[in-house]
Amino acid sequence: MAVAVVRARLSRHLHLLRWVLLVVAVLVLVVFVLAQRQSIEVSYGQSPSSSVRIEEGSAGELSDATVPSTQEMTTLVATDSVVRLPGAVARWDEQRVREAIGDADIRILVAPPGLDEAEHDRVRKVDNATVRVIGTQVSGGGLVSTPDTVAGWRAQFATHDVTDQLTALIARLRKAPAPAERDDLRWREPSERELATVLADLRTGGSHVGRGATLDGVPEQVARTAFPDGAWYVALPAQPYGEPLPAYGPALTRLAPDQPIVVLYGGWIEYHGPAAAEFADLAAVSFYAQLGSRLSRYDYPQRNVLGAYLGKVTDIRYAGLFDRPLPYRPLDPLRVALPALPWIFTGCVAGFLVLSARSLRRSGALGVSGRARHGAGAARLAGLTALAVEVSLLTDARSNPALTRGIGKLQAARAALDDGLPARHVWELLDEATAELDETARMVGIASYRPASYLQGRLS
């Protein structure tokens, strides 16, 4: 009697273990499938900076400036060939632009930056304006003229100079040869007093904000990922057109050659310090090629522009281009365990099949008349289960539902066999499982995994 009790308890435990193994197999399969991603990875570290869609006006890019009605602007443009609306910031070399216009009737409307979408539309609807300048964005005739060099972006965002954009667009409208771009920006050495004031602020708090600059603090989180060892930040307003710019970057680098230095002239940002020869132009080109169009039309605070620039610096560092140490990346348990999941799944399914076969052999519920049909059902169940295991490694988001339904039907058929239910019920469940697995194979696109082909010869 004691032996029988022990055997009964062992049988119950094995029966429970069999279903635990199946549940674990299904969970592992689901985790493995959901973890799959079809993508191209272009860096060896995932940069924490991200691009988030920001609704208009929520980033401080809109100014208090406004424009008259379209009819009023149309009247102004009809009266004067160059109309500069209140708040306009764009400047240009008038002599070069006059030479580009020649004897053509070119009329220029200059609007301020930071307009909302409705105001932009009013400016665009001024039909008699040949060229429209909104902020420092130059457009006309369905074309937009933008810089494509560091020198061009620097002149545009540091001094609001749009000379090259105007002359290039006018030449295109007149179907004349495009003029050569010129770098007319001039530099000067900061005075001893200027340099001493800036240096004192940098050594005290790590940043200097000049009069007229809008930087109200460095974005600390993105600054730490861009420059983990810290950097100095000098923020100045956009510089007067035609006047030399104080070259703080080179001057500060001579005093602190190992210190990363970021200098803002209005919307223009430049880097000085370690690896500047390789890094500075790449950061500038990457940043302004992507965001220059939006920066030219809106009036972003310097903090927002600096934050976006530091995010681009972080992206470049994470790309591993300059052999600089990456920030700490926490351990991802799923990434580490992912290669083992298929083996865990296979082991669980194998254990389930072994225990199922043992349970079937020990079952005394089969009548003599139904034993053959139940035996065939068990063999068919084993074959379909093996098929489910093999095809599961090839499924995707589209075919996973059919596979999951098929596995569910196989589980129901197994339970029906164990409970000694009528053979007809078992075979109905197996027929439903066969249909689901056939649908799975059709979606995967491998004909040999269709049940009719896969089970051929197995059940004979």
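## Salt bridges

R405 and E436 form a salt bridge in which the closest N and O atoms are 3.1 Å apart, a salt bridge being a side-chain nitrogen of Lys or Arg within 4 Å of a carboxyl oxygen of Asp or Glu. Because R405 lies in helix α15 (residues 400-418) and E436 in helix α16 (residues 423-444), the pair ties together parts that are 31 residues apart in sequence. R405 counts as partly exposed at 44% relative accessibility, whereas E436, at 18%, counts as buried; buried means under 20% relative accessible area, exposed means over 50%, and partly exposed lies in between, with a 1.4 Å probe and protein chains only. Elsewhere, salt bridges that share partners join R96, D164, R182 and D184 into one network.

This is a predicted model, in which local features need pLDDT of at least 70 and side-chain atom pairs count only at pLDDT 80 or more, while totals for chains, interfaces and linings use all residues. Residues are numbered from 1 along each chain as its sequence is written, and side-chain values use heavy atoms, with hydrogens and water left out.

| Pair | Closest N and O atoms |
|---|---|
| R405 and E436 | 3.1 Å |
| E117 and R124 | 3.4 Å |
| D103 and R174 | 3.6 Å |

D103 counts as exposed at 75% relative accessibility, while R174 is partly exposed with a relative accessible area of 34%. In the pair of E117 and R124, E117 is partly exposed at 35%, and R124 is partly exposed at 38%.

An open sheet is formed by 5 strands in the order β1-β2-β3-β4-β5, with mixed pairing; two strands pair if DSSP finds at least two bridges between them. The edges are held by β1 (82-84) and β5 (143-145), each with a single partner strand, so one side of each is left without a neighbour in the sheet. Neighbouring strands of this sheet are turned by 20° against each other on average, direction ignored. Within the sheet, strand β2 (residues 108-111) and strand β3 (residues 131-134) run parallel and are joined by 4 bridges, and I108 stands opposite V131 in β3.

Helix α6 (residues 163-173) lies across β2, β3, β4 (137-140) and β5, and runs at about 10° to β4. Such angles run from 0 to 180 degrees between N-to-C directions, the axes being lines fitted to C-alpha atoms, for helices over the stretch in contact. Q165 has its place in helix α6 and counts as buried at 4% relative accessibility. Leaving aside neighbours within four places in sequence, Q165 is in contact (heavy atoms within 4.5 Å) with T136, V138, S145, T146, P147 and Q156.

## An enclosed strand

In strand β8 (residues 232-236), 5 of the 5 residues are buried, so the strand is largely enclosed by the rest of the structure. W232, V234 and L236 point one way from β8, and Y233 and A235 point the other way. Strand β7 (residues 207-209) pairs with β8 in the parallel sense over 3 bridges, and the bridge partner of S207 in β8 is Y233.

## Surface and whole chain

L16, L17, V20, V24 and I344 make a nonpolar surface patch of about 390 Å². Helix α1 (residues 2-34) gives the most to this patch, with 4 residues; L16 is placed in that helix and counts as exposed at 55% relative accessibility.

The secondary structure of the protein chain comes to 17 helices and 11 strands, and of its 460 residues 43% count as buried.

Methods:
Helix = DSSP H or I, 4+ residues; strand = E, 2+ residues; numbered from the N terminus. Patch = residues over 30% accessible without salt bridge, like charges linked within 9 Å, V, L, I, M, F, W, Y side chains within 5 Å. Areas by Shrake-Rupley, 256 points an atom, 1.4 Å probe, with all protein chains shown as cover.
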